[in-house]
Amino acid sequence: MTNNDPRQPTLRITPGPSDINSNGHIFGGWVLSQMDIAAGIVASRRAQGAVATVAIERMEFIAPIELRDLISVYATVERVGRTSMAIRIEVIADRDGGARQIKVTEGLFTFVALDAQHRPRPVDPPAA
């Protein structure tokens, strides 16, 4: 990967020492939570309101995340249904002070738009 990626990350974060497992890599659950946060930001903006994660259709760990990596989480709306939407997530690690970029994981998260009673509602309001 190169530093010429024109996309803007939804979330950028550096894992801390408490996020490391016994192998010296970052816990998968930590990565999953960062992905869910980024996906939730994009889904909430698209739905213009509250959303909830209802499924992770696919998630693949491609390479480990190391302690000094700067993580960029990219989230894009892949498809929109009546009450739900699928958000594609890609996580890139900047390694060696930004000299290398490595795709470390990706996934597809499904969110549902919620009304004030926390029930599913249309993502797009009905036409007037």
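Reply: Start with one term: two residues are in contact when heavy atoms lie within 4.5 Å. In the protein chain, 67% of the contacts with a separation of 6 or more join residues 24 or more positions apart.

Me: What kind of model is this?

Reply: This is a predicted model: local features need pLDDT of at least 70, side-chain atom pairs count only at pLDDT 80 or more, and totals for chains, interfaces and linings use all residues. Residues are numbered from 1 along each chain as its sequence is written, and side-chain values use heavy atoms, leaving out hydrogens and water.

Me: How many helices and strands are in the protein chain?

Reply: Both are DSSP runs, numbered from the N terminus: helices are H or I, at least four residues, and strands are E, at least two. This protein chain has one helix and five strands. Along the sequence the pattern reads β-α-β-β-β-β. The C-alpha trace spans about 55 × 35 × 20 Å along its principal axes.

Me: In which order do the strands form the sheet?

Reply: Strands pair if DSSP finds at least two bridges between them. Here the order is β1-β3-β4-β5-β2, in an open sheet with antiparallel pairing. At the edges are β1 and β2 (51–61), each pairing on one side only. From one strand to the next, the twist averages 25 degrees. For such angles, axes are lines fitted to C-alpha atoms, for helices over the stretch in contact, and values run from 0 to 180 degrees between N-to-C directions.

Me: How many bridges join β1 to β3?

Reply: Three bridges join β1 (residues 11–13) to β3 (residues 70–80), and the two run antiparallel. Take I13: its bridge partner in β3 is I71.

Me: What about β3 and β4?

Reply: That antiparallel pair has 10 bridges, with β4 covering residues 84–95. The two strands form a hairpin with three residues between them. L70 bridges to D94 in β4. I71 stands opposite A93 in β4. Y74 has E90 as its partner in β4.

Me: How many bridges join β4 to β5?

Reply: 12 bridges join these antiparallel strands. I87 is paired with F109 in β5. β4 and β5 also form a hairpin, with four residues between them. D96 in that turn has a positive phi of about 55 degrees.

Me: Where does the helix lie?

Reply: Helix α1 (residues 28–47) lies across β1, β2, β3, β4 and β5 (100–113). The helix runs at about 55 degrees to β5.

Me: How much of the protein chain is buried?

Reply: Buried means under 20% relative accessible area, exposed over 50%, and partly exposed in between (1.4 Å probe, protein chains only). Of the 128 residues in the protein chain, 39% are buried.

Me: Why is β4 described as largely enclosed?

Reply: Because 10 of the 12 residues of β4 are buried, the strand is largely enclosed by the rest of the structure. Look at A93, which sits in β4. A93 has a relative accessible area of 0%, so it counts as buried.

Me: Which residues is A93 in contact with?

Reply: Leave aside neighbours within four places in sequence. A93 is then in contact with D69, L70, I71, R100, Q101, I102 and V104. R68 is 25 residues from A93 in sequence, yet their C-alpha atoms are 9.4 Å apart in space.

Me: Which residues have a positive phi without being a glycine?

Reply: Q48 is one of them, at about 55 degrees. Q48 lies in the loop between α1 and β2. Its relative accessible area is 71%, so Q48 is exposed. H118 also has a positive phi, of about 65 degrees, and is not a glycine. Find H118 in the segment after β5. H118 counts as exposed because its relative accessibility is 63%.

Me: Where does the charged end of R7 sit?

Reply: A charge sits over a ring if NZ of Lys or CZ of Arg is within 6 Å of the ring centre and within 35 degrees of the ring normal. The charged end of R7 sits over the ring of Y74, 4.0 Å from its centre. This is the Y74 that bridges to E90 in β4.

Me: How many aromatic pairs does the structure hold?

Reply: Rings of Phe, Tyr and Trp (its six-membered ring) pair if their centres lie within 6.5 Å; planes under 30 degrees apart are stacked, over 60 edge-to-face, and the rest tilted. The structure holds zero such pairs.
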